[in-house]
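Trainee: I have this model open and would like to go through it with you. Could we start with the charged contacts and then move on to the strands?

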Amino acid sequence: MSHSLSRTLLTAGAAVALIATSAPAGAAAPGSGGGRPPITVPPDKIVIELATVNGSGCREGTAQVAVAPDNTAFTVTYSDYLAQVGPGAPPTAFRKNCQLNLRVHVPSGFTYAIVQADYRGFAFLQPGATGQERANYYFQGMPQTTQRTHSFTGPLNDNWQTSDKTEYADLVWSPCGEKRNFNINTELRVNAGTSNPQTATSFMAMDSTDAGVSTLYHLAWQTCPAPKKG
């Protein structure tokens with residue numbers, strides 16, 4: 001299966017998956033309801049900048065960040081994030097990773113946490129081959145979240161999607177009144193398994209050619225306590 005064909009399938013198929021799984025207008029954001037405190041979204045626009053980008057899955061210029069208009073989420077879109085094994089694939093191509101360091105500008109008086117992360121892509125796995133998607137995130141200078149791993153088994157020729165959810169009580173909040181960058185680590189792996197990598201190609205992708213397939217991070221918000229008067 002050619003890379004050009006795989007990218008076409010990823011763009012067309014996964015874009016449909018993104019639209020189909022998006023919350024309808026007016027729906028409650030993840031983390032709201034269920035006895036949890038209502039999410040107070042800041043009225044002023046938040047701004048997220050890419051401070052540094054490192055990794056074989058996100059070469060410079062191949063990752064972009066955008067904030068939802070209602071401040072309830074932000075997306076990361078990759079344009080060259082593909083792990084593969086098979087004829088002509090370099091020995092190191094079976095694993096691709098990306099480390100993003102984000103500079104988040106939050107309106108004064110608010111703090112945020114990640115309540116859910118949705119990862120999407122396309123996989124073509126031969127019978128006997130396997131794939132993995134791993135991810136975690138953390139605030140600069142604070143402990144990392146537990147790494148979540150999702151496994152896939154061939155034969156597979158379809159879009160894939162995973163969601164990592166955090167209970168409200170376990171959310172890690174950005175410290176109020178401090179500027180701490182937000183780090184996101186992701187990884188894709190493909191293992192030939194019992195398939196023959198000399199004759200058969202397997203791959204997993206988390207990228208898009210038209211920005212229609214994005215990783216989606218849902219935000220929870222809280223108001224910060226008022227500063228104590230001296």
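Trainee: Which residues are linked in a network of salt bridges?

Mentor: Arg95, Arg134, Glu187 and Arg189 are linked in such a network, where a salt bridge is a side-chain nitrogen of Lys or Arg within 4 Å of a carboxyl oxygen of Asp or Glu. Keep in mind that this is a predicted model, in which local features need pLDDT of at least 70 and side-chain atom pairs count only at pLDDT 80 or more, while totals for chains, interfaces and linings use all residues. Residues are numbered from 1 along each chain as its sequence is written, and side-chain values use heavy atoms, with hydrogens and water left out.

Trainee: How far apart are the closest N and O atoms of Arg95 and Glu187?

Mentor: They are 3.1 Å apart. Arg95 lies in strand S5 and Glu187 in strand S10 (residues 182-191), so this pair ties together parts that are 92 residues apart in sequence; strands here are DSSP runs of E with at least two residues, numbered from the N terminus.

Trainee: And are those two buried or exposed?

Mentor: Arg95 is partly exposed, with a relative accessible area of 30%, whereas Glu187 is buried at 10%. Buried means under 20% relative accessible area, exposed over 50%, and partly exposed in between, with a 1.4 Å probe and protein chains only.

Trainee: How many salt bridges does a search of the whole structure find?

Mentor: The search finds 6. One of them joins Glu49 to Arg103, with the closest N and O atoms 3.1 Å apart. Glu49 lies in strand S1 and Arg103 in strand S5 (residues 95-105), so the pair ties together parts that are 54 residues apart in sequence. Glu49 is partly exposed at 33% relative accessible area, and Arg103 is partly exposed at 34%. Arg180 and Glu178 also meet in a salt bridge, at 2.8 Å from N to O.

Trainee: Switching to the sheet, in what order do the 5 strands come?

Mentor: The order is S1-S5-S10-S7-S8, in an open sheet with antiparallel pairing, and two strands pair if DSSP finds at least two bridges between them. Strand S1 (47-54) and strand S8 (148-153) are the edges, each pairing on one side only. Neighbouring strands are turned by 20° against each other on average, direction ignored, the axes being lines fitted to C-alpha atoms and the angles running from 0 to 180 degrees between N-to-C directions.

Trainee: How many bridges join S7 to S8?

Mentor: Strand S7 (residues 130-139) is joined to S8 by 6 bridges, and Thr130 stands opposite Thr153 in S8.

Trainee: What about S11, which residues are on its two faces?

Mentor: In strand S11 (residues 202-205), Ser202 and Met204 are on one side and Phe203 and Ala205 on the other, and all are buried. Strand S4 (residues 82-85) pairs with S11 in the antiparallel sense over 4 bridges, with Val85 opposite Ser202. Strand S6 (residues 110-125) is joined to S11 by 3 antiparallel bridges, and Ala205 is the bridge partner of Phe122.

Trainee: Last topic: which residues line the largest cavity?

Mentor: Its lining consists of Ile46, Ile48, Phe74, Val104, Tyr112, Leu219 and Trp221. By class that makes 7 nonpolar, no polar and no charged residues, where Ala, Val, Leu, Ile, Met, Phe, Trp, Tyr, Cys and Pro count as nonpolar. A cavity is a set of points on a 1 Å grid over the protein atoms alone where a 1.4 Å probe fits but cannot get out, and lining residues have an atom within 4 Å of a point.

Definitions and conventions: 1 Å grid on protein atoms, 1.4 Å probe; cavity = no way out; pocket = protein on both sides within 12 Å on 5 of 7 lines; lining within 4 Å.
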